[in-house]
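User: I'm new to this one, could you walk me through it?
Analyst: Gladly; here it is, and then we can go topic by topic.

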Amino acid sequence: MRLVWKSLDKMRCLRKRSTIPFLGFLITFLLFLNLYIEDGYVLEGDKRQLRETSVHPSSSERYVHTFRDLSNFSGSINVTYRYLAGTPLNRKKYLTIGLSSVKRKRGNYLLETIKSIFDQSSYEELKEIVVVVHLADFDLAWCENLVQEITRKFAHHIIAGRLLVIQAPEEYYPSLDGLKRNYNDPEDRVRFRSKQNVDYAFLLNFCTNLSHFYMMLEDDVRCSRNFLTGLKKVITSREGSYWVMLEFSKLGYIGKLYHSRDLPRLAHFLLMFYQEMPCDWLLIHFRGLLAQKDVIRFKPSLFQHMGYYSSYKGAENKLKDDDFEEDSIDIPDNPPASLYTNINVFENYDATKAYSTVDEYFWGKPPSTGDFFVIVFNKSTKISKIKIVTGSDDRQNDILHHGALEVGEKLVGTKKGKQCSSYITLGEFKNGNIEVQDVDHKIAFDIECVRIVVTACQKEWLIIRSISLWTTQPPSQ
């Protein structure tokens, strides 16, 4: 029944215990092959929308199909899902939120997580999300009881198409016996994390065509208020830049955002290497192979781990994200722009890092009077608030000791790049920081440039930790 998967398992057993070099080579080869592979391997059945059916393929046929699926990272995996509650809508949403849940020995937080997602979203935000819960436990009685609770508590969301509960049947899973014990993990731990990889792969596969973006959460999470608005601001601010995964929590597989178009490859990737390492380690390899070298994580975190007991053996898990803010989320808009400075940049702490809400910063050598740091917007805009913070917790003297904040118009080209020919001063830095409210009421023109000007030499280096801009929303919004 599991002939193909067992054959693959035997082949894997022939590899050396030191798997990392081989795994890196194999992953690179498969991703490279995918860039050139023809679409001829896509099964005709995979092109049809997934649907519930009472007819299941034979075991041998099913695993042959799965093996062929793995040769084409752009196609869906041939799985027939059970719909336990709700059905997909025909219209694509903005964001799918995926949760995979299993029975825990101690405590269950799934209902609280679902409630937090809906309670922390406005009516307008609810129109743009769909939550997909994959009940990945093979105890059907437990699943049935949980579905009844979900249906009772969230019936209106199910009817509105905002909540789906699904299950990938056990017969679609590869063998979870005799797995490789990498990193000296005990056998039951290897089984748990390997199954979890497959759980996530099937969930990702199901969600591929539901929305434009996909957010992975765990089943014991609470959300910040209006988290979708925060996500949209970040996505908008990164228009034109390449990314594979954006992170809105520093913990586990919580708050990881993808383009939905990348889900088929990620699902295949987790299936191919399901027994090699935990999912959060595999994710690092995945984004790296797709040419996103660095972590792109945003502060404040939008999601917080709330579970006290782990889904693995009910062990205590007290991990908390200290960057999480539940009620004071005010993520800046930071409209698309180019950044220029004549301050001598240290190593790779370049100007763009001050303008991102990612946990990074600009770092320059001691500036002189007249040195500048300028932001040139792609198009003129109305700004309501500007906040700039310099220095850092461990380098508290690397602040801008003497400086001014200016906004400008009348964009012109110069040898040093684009600049504005006319500026108005908004204020002076105090203790390395400045915040100006109601900019749109103080400035009559649409702003094309924001400039920091050094007004006196300093011996200390300069860290610009964050530049945060909030735009004025049009009346229709």
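**A first walk through the model**

User: Where does helix H9 lie, and how is it angled to S2?
Analyst: Helix H9, residues 227–237, lies across S2, S3, S5, S7 and strand S8 (256–259), and runs at about 120 degrees to S2. Helices (H or I, at least four residues) and strands (E, at least two) are DSSP runs, numbered from the N terminus. Angles run from 0 to 180 degrees between N-to-C directions, with axes as lines fitted to C-alpha atoms, for helices over the stretch in contact.

User: Which residues in H9 are buried?
Analyst: Phe-227, Leu-228, Gly-230, Leu-231, Val-234 and Ile-235 are buried in H9. Seen down the helix axis, the buried residues of H9 fall within an arc of 160 degrees, so they line one face of the helix. That arc is taken from the directions from the helix axis to the C-beta atoms, and buried means under 20% relative accessible area, exposed over 50% and partly exposed in between (1.4 Å probe, protein chains only).

User: Before going on, what are the ground rules here?
Analyst: This is a predicted model, in which local features need pLDDT of at least 70 and side-chain atom pairs count only at pLDDT 80 or more, while totals for chains, interfaces and linings use all residues. Residues are numbered from 1 along each chain as its sequence is written, and side-chain values use heavy atoms, with hydrogens and water left out.

User: OK, in what order do the strands of the sheet come?
Analyst: The open sheet has 7 strands in the order S1-S4-S3-S2-S5-S8-S7, with mixed pairing; two strands pair if DSSP finds at least two bridges between them. Strand S1 (82–85) and strand S7 (246–247) stand at the edges with a single partner strand each, so one side of each is left without a neighbour in the sheet.

User: And how do S2 and S5 pair?
Analyst: Strand S2 (residues 93–101) and strand S5 (residues 211–216) pair in the parallel sense over 5 bridges, and the bridge partner of Ile-97 in S5 is Met-215.

User: Switching topic, what is the mean pLDDT?
Analyst: The chain has a mean pLDDT of 80, and 77% of its residues reach 70 or more; pLDDT is the predictor's confidence in each residue, from 0 to 100. Over residues 31–71, however, the pLDDT is below 50.

User: Last one: where is Ala-291, and is it buried or exposed?
Analyst: Ala-291 is found in the loop between helix H11 (279–289) and strand S9 (303–305), and at 62% relative accessibility Ala-291 counts as exposed. Ala-291 also has a positive phi of about 75 degrees although it is not a glycine.

How values were computed: Contact means heavy atoms within 4.5 Å.
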